[in-house]
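Dear colleague,

I am passing on the structure we spoke about, and it is set out just below. My notes on what turned up in it follow after that.

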Amino acid sequence: MTRWKIGQRVGVGFFGGEDGVCEPCRRGDMVNCQNPVTPGVTVDGGYAEVMIAEARGIASIPDELTSIEAAPLLCAGITTYNALRNAGLRGGDLVAVQGIGGLGHLGVQFCAAHGIPYCRHRTWKRQGKACERFGRACLHRYYNRRCAAVLQRMGGARAILATGTSGNAMGSLVSGLAARGKLIIVGVPQDQIQLSAFPLVFGGRSIYGSLAGTAIDTEDALAFSVLENIRPMIETVPLEQAADGYARMMEGKARFRMVWLQKTALLKVCRSNDT
């Protein structure tokens with residue numbers, strides 16, 4: 001018995017399946033599988049005209065989303081959506097989003113859609129201007145200096161969603177958290193994160209990472225994006241120019257997600273098979 005039909009439009013993100021036998025999987029924590037199926041890493045990925053994905057790792061794409069819109073939501077979208085919805089936040093809690101890029105610009109939109117006041121940390125002025133349209137009815141400011149001090153003057157953040165790639169910038173944000181606040185890391189910096197134990201011990205603050213989500217989590221994120229009209233800001237390039245687009249992305253020039261175009265849809269079920 002399968003829910004998938006031939007020709008159905010589906011997508012797969014970072015998490016393409018689990019082994020089902022490691023300890024995290026046996027405890028129901030599939031996202032932290034010790035031997036995950038990772039498209040582009042452990043199996044062939046999407047830089048091709050055709051790819052194979054396991055049925056357990058694919059998510060149905062709502063009709064309201066184009067394949068181009070859905071593609072970034074399958075990765076950056078589910079990452080920021082799950083990080084925020086699993087943080088124990090409530091409407092009115094102050095959240096800061098560090099880094100306005102492929103992850104951060106979606107994190108800002110999810111905060112706004114949940115009625116969570118937020119601040120956004122930006123590096124370039126044009127990033128702040130680009131995200132003005134995501135403000136909606138929430139309190140929003142952007143800043144690039146003395147971040148922790150600014151947050152403390154606002155009462156401290158209940159959570160800070162760290163999406164950038166600077167460990168040095170992330171570590172300094174802990175002091176901007178309110179008591180029991182959380183620094184949630186979804187961006188992976190190359191440099192080490194330097195931390196002071198003082199704000200962690202005195203105030204019970206914490207720091208942890210969050211990684212994507214399962215296929216059903218992804219469908220939740222897609223459905224929520226449709227409901228709240230959340231869309232990624234994207235640049236598109238033909239598949240034939242994938243190398244140039246990838247280089248632009250790695251140089252930090254993309255605004256804010258790159259999508260490689262194929263002649264066919266993002267991914268379609270070509271064989272009904274649950275194995």
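How many cavities of 30 Å³ or more does the count come to? Please keep in mind that this is a predicted model; in it, the count comes to one cavity of 30 Å³ or more.

The volume of the largest cavity is about 60 Å³. Its lining is made up of 14 residues, and those closest to the centre of the cavity are Gly13, Phe15, Leu74, Gly213 and Thr218. Two helices, α2 (67–85) and α8 (215–228), each supply at least two residues of that lining. Sorted by class, the lining residues of the largest cavity are nine nonpolar and five polar, with no charged residues.

The helix α2 also packs against another helix, α3 (residues 104–113), with an angle of about 50° between them and their axes 9 Å apart. Because angles from 65 to 115 degrees count as roughly perpendicular and those under 35 degrees as roughly parallel, α2 is oblique to α3. As for handedness, the crossing of these two helices, α2 and α3, is right-handed.

On the α2 side of this contact are Pro72, Leu73, Ala76, Gly77, Thr80, Tyr81 and Leu84, which meet Leu106, Gly107, Phe110 and Cys111 on the α3 side.

With best wishes

Methods. Residues numbered from 1 in each chain as written. Predicted model: local features only at pLDDT ≥ 70, side-chain atom pairs only at ≥ 80, totals over all residues. Heavy atoms only, no water. 1 Å grid on protein atoms, 1.4 Å probe; cavity = no way out; pocket = protein on both sides within 12 Å on 5 of 7 lines; lining within 4 Å. Points joined across faces, edges and corners; volume = space filled by probe spheres on them. Helix = DSSP H or I, 4+ residues; strand = E, 2+ residues; numbered from the N terminus. Nonpolar A, V, L, I, M, F, W, Y, C, P; charged D, E, K, R; others polar. Axes fitted to C-alpha atoms, helices over the stretch in contact; angles between N-to-C directions. Parallel < 35°, antiparallel > 145°, perpendicular 65-115°, else oblique. Left-handed = near helix turned anticlockwise from the far one by under 90°. Contact = heavy atoms within 4.5 Å.
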